[in-house]
Amino acid sequence: MGIKKVFILFFIGVFFSFSLGLGLQHHSFAAAPRQTESDLAVRPLDPKRDIEIGMHIENIYNLSLKDKTFNAEGWFWLKWPEAVQEIITKNKIPILEIVELVNQVETWDSNIQLDSNEPELQADGNRLQLVRFSAKFYDDAQNLKRFPFEYLELPITVETRPTIFSMADQAISLYPKLGTRGVLGQYAGLNGFELQGSSLTKSIYAYSTNFGESNGEKGAEFSRVDYTVNYATEFWPSFYQYIMPWLAVMAMLILAPNLEGKFTELRLAIPSTALLTLVFLQLGTSSDLPKLSYITFIDQLYLFGYIASIVLFALFVWGSNLYETAPAEQQQTVMLKINRIDLIYQISAIAGSGLIAVSASL
């Protein structure tokens, strides 16, 4: 009985250690709100052919992890010099077609409109055009390996569009500015997620086609800017919703061997019931996710739970048969052997759960 008491205390300690470990894992990537910018393989271009771009994302909503989409509303503005205006005028390029939102989907349900009919002529000779947008966007870089403790990066990608703006022709480059106030508005938060800030990346994107033009390899290269909003999962709500049910079932599996061997039917019923419960819990969890080509953190937990349930059932069957077939004078010795194996199982189940939690934080 002393060993069992020590074991129960040890289990409680591991439970809280497991919870703390997940919390530390969460805070290891939940940094303070920030805004950053970077350049990726951007060639030096003629400043007279730069289009300055800025963005203000007022609202983000309708996030769907399963569809990898989200809705966003806000404004972006373009400012360009006379040299770019001459190209626009000469080629009769509509203002709304100077750039495009690359990862926009379902254009029928979007609203992109000019704030004024004509660009505003600035005192420095540049032209300024403000554009209002409300659209659905696709997040192709979504990574859910740590689900339900994921880190989300929701991008809005802007790119020069007319082929005449490619690197082979007029070489128009987007020049982004990240102001001191950032790009996020007051409704940019998402329920269940902690807003971490924003970042932007300037790059030159090379398509695998030149769109039918005969302007060489650089005709498939366009200037691109990614405005990314960063989120981290709120730890405790996700813990209670996804991890706590799994922990409750695992607690029953780990404590089940403490039942006396004479309760054969009850001992055999626990692992089979736990297995069915784990299956239904995982089905509910996976309904929030798309089909993935990798195993998430929550999948690892349930996979371990399945193995623990099957092993415990096999262990109870072996113990029951061993006890029933043993001679009466050896049954006490057999029971001690079964108890030792049960203890090894309990310690192994706890250690395995801890290893999964540690591996997920690496």
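Colleague: What is the helix content of residues 266-283, and how far apart are the end C-alpha atoms?

Modeller: The span is 100% helix and 0% strand, with its end C-alpha atoms 26 Å apart. Helices here are DSSP runs of H or I with at least four residues, strands are runs of E with at least two, and both are numbered from the N terminus. Keep in mind that this is a predicted model, where local features need pLDDT of at least 70 and side-chain atom pairs count only at pLDDT 80 or more, while totals for chains, interfaces and linings use all residues. Residues are numbered from 1 along each chain as its sequence is written, and side-chain values use heavy atoms, leaving out hydrogens and water.

Colleague: Where does UniProt place the feature "transmembrane region"?

Modeller: The unreviewed entry puts it at residues 239-259, 266-283, 303-323 and 343-361. Such positions follow the numbering used here, feature names are shortened, and annotations may be inferred rather than shown by experiment.

Colleague: Why is α3 called roughly antiparallel to α4?

Modeller: The axes of α3 (residues 235-255) and α4 cross at roughly 170 degrees and come within 10 Å. Angles over 145 degrees count as roughly antiparallel, under 35 as roughly parallel, 65 to 115 as roughly perpendicular and the rest as oblique, so α3 is roughly antiparallel to α4. Axes are lines fitted to C-alpha atoms, for helices over the stretch in contact, with angles from 0 to 180 degrees between N-to-C directions. The contact (heavy atoms within 4.5 Å) includes Tyr-242 and Trp-246 of α3 and Ile-270 and Pro-271 of α4.

Colleague: What makes Arg-127 and Glu-82 a salt bridge?

Modeller: Their side chains meet at 2.7 Å, N to O. The rule asks for a side-chain nitrogen of Lys or Arg within 4 Å of a carboxyl oxygen of Asp or Glu, so this pair qualifies. Arg-127 is in strand β8 (residues 127-138) and Glu-82 in helix α2 (residues 82-90), 45 residues apart. By this rule the count comes to 7 salt bridges.

Colleague: Which peptide bond is cis?

Modeller: The one from Phe-147 to Pro-148, with omega near 15 degrees. Pro-148 sits in the loop between β8 and β9 (151-160).
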